[in-house]
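I opened my notebook for a slow walk through one protein model. Here is what I looked up, entry by entry.

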Amino acid sequence: MDLSAHDPDLPRGPFRYIALDVETASRDSASICQIGLACVRADNGIETYTTYVNPEQRFDPFNTDLHGIDALTVASAPSFPQAWAGLRPLLELHHLVQHSGFDARAITAACRAYRLPNADLSWSDSVKIARKAWPEFKGNGGHGLANLKRELNLSFRHHDAGEDARAAAEVVLLAEARLDQTFETISGTTRKTQFSLPLEWN
């Protein structure tokens, strides 16, 4: 399976930003076994996309217990280079959101492991955004997705890449509303903002 061919399920932009989450097979951050995207449209609607990835290495029982993914789950899934060939063009056009720094490190590690060129990606951290919006959570459950799920009444299945990506996107949307500020302001970046892109692109 090669996602570089047209995938009808892959969202088509432009989007305001894209939240990205990965799950891994082991403590090796390059061992990506699932990638989830939550693409935020101009009207704040969210389009999601999830794909399994064959990490081509062993699964640690701890990781499988966490996310429920094992070698059988990904047996027919694309390898990271195959999946990345389809995802990279979309992701390089948009500013990305991750909840903590793990996801960017994992993508970088997987590219390095497969000797792929470095991707031109720009990132913001929804943990830092949540800290700005809800400083009262510091020392009172924190700003991890599990606590934000409780405090903000989010509905998602933790440790599923697509679900976690959607949760990160929703955290940013709620932070925008709470702070009455745009994503560009609260994320501290103007890089790759999508408002100047045409409404449709191929």
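In which loop is Asn44 found? I looked it up in this predicted model: Asn44 sits in the loop between strand S2 (32–40) and strand S3 (46–52).

**Entry 1**

I checked the backbone of Asn44 next, and its phi is near 70°, a positive value in a residue other than glycine. Is Asn44 buried, exposed or partly exposed? The relative accessible area of Asn44 is 36%, so I wrote down "partly exposed", since that label covers the range between 20% and 50%.

Then I followed the side chain of Asn44 to a partner: it makes a polar contact with the side chain of Arg16, at 2.6 Å. Arg16 belongs to the segment before S1. Arg16 has a relative accessibility of 9% and therefore counts as buried, because the cut-off for that word is under 20%.

**Entry 2: a cis peptide bond**

I stayed in the segment before S1, where Pro14 has its place. The peptide bond from Gly13 to Pro14 is cis, and I noted an omega near 5°.

**Entry 3: Ser100**

I found another positive phi at Ser100, near 90°, and again the residue is not glycine. Ser100 lies in the loop between S4 and H3. With a relative accessible area of 28%, Ser100 is partly exposed.

**Entry 4: the largest pocket**

Rolling a probe the size of a water molecule over the atoms shows where empty space is left. I looked up the largest pocket and found about 350 Å³ of space in it. Which residues are the closest to its centre? They are Asp21, Val22, Glu23, Phe102 and His159, out of 21 residues that line the pocket. Strand S1 (17–24), helix H1 (61–67) and helix H3 (102–113) are the elements that each give two or more residues to this lining. I sorted the lining by class as well: six residues are nonpolar, ten are polar and five are charged.

**Entry 5: helix H4**

I moved on to helix H4 (residues 126–133), where Ser126, Val127, Ile129, Ala130 and Ala133 are buried. Why do they share a side of H4? They cover an arc of only 160° around the axis, and that puts them on the same side of H4. An α-helix has 3.6 residues a turn, so residues three or four places apart point the same way.

I then asked what the buried residues of H4 pack against. My list reads strand S4 (95–98), strand S5 (122–125), helix H5 (145–152), helix H6 (161–179) and helix H7 (183–187). At the start of H4, I spotted a side-chain oxygen of Asp125 within 2.8 Å of the backbone nitrogen of Val127.

**Entry 6: helix H5**

In H5, the buried residues are Leu145, Asn147, Leu148 and Leu152. Their arc around the axis is only 155°, which puts them on the same side of H5. H4 and H6 are included in what covers them.

**Entry 7: Ala175**

My last stop was Ala175, in helix H6. Ala175 counts as buried because its relative accessibility is 0%. Which residues does Ala175 contact, leaving aside its neighbours within four places in sequence? I wrote down Ile129, Ala133, Trp134, Asp180 and Ile186. Ile129 and Ala133 were already in my notes as buried residues of H4. I also compared Ala175 with Leu116, 59 residues apart along the chain: their C-alpha atoms are separated by 35 Å.

Key
Residues are numbered from 1 along each chain as its sequence is written. This is a predicted model: local features need pLDDT of at least 70, side-chain atom pairs count only at pLDDT 80 or more; totals for chains, interfaces and linings use all residues. Side-chain values use heavy atoms; hydrogens and water are left out. On a 1 Å grid over the protein atoms alone, a cavity is a set of points where a 1.4 Å probe fits but cannot get out, and a pocket is an open set with protein on both sides within 12 Å along at least five of seven lines; lining residues have an atom within 4 Å of a point. Grid points are joined across faces, edges and corners, and a volume is the space filled by probe spheres set on the points. Helices (H or I, at least four residues) and strands (E, at least two) are DSSP runs, numbered from the N terminus. Ala, Val, Leu, Ile, Met, Phe, Trp, Tyr, Cys and Pro count as nonpolar, Asp, Glu, Lys and Arg as charged, and the others, Gly among them, as polar. Buried means under 20% relative accessible area, exposed over 50%, partly exposed in between (1.4 Å probe, protein chains only). The arc is that of the directions from the helix axis to the C-beta atoms. Contact means heavy atoms within 4.5 Å. A polar contact is a pair of N or O atoms within 3.5 Å; within protein, one must be able to donate a hydrogen and the other to accept it, and residues adjacent in sequence count only if both atoms are side-chain atoms.
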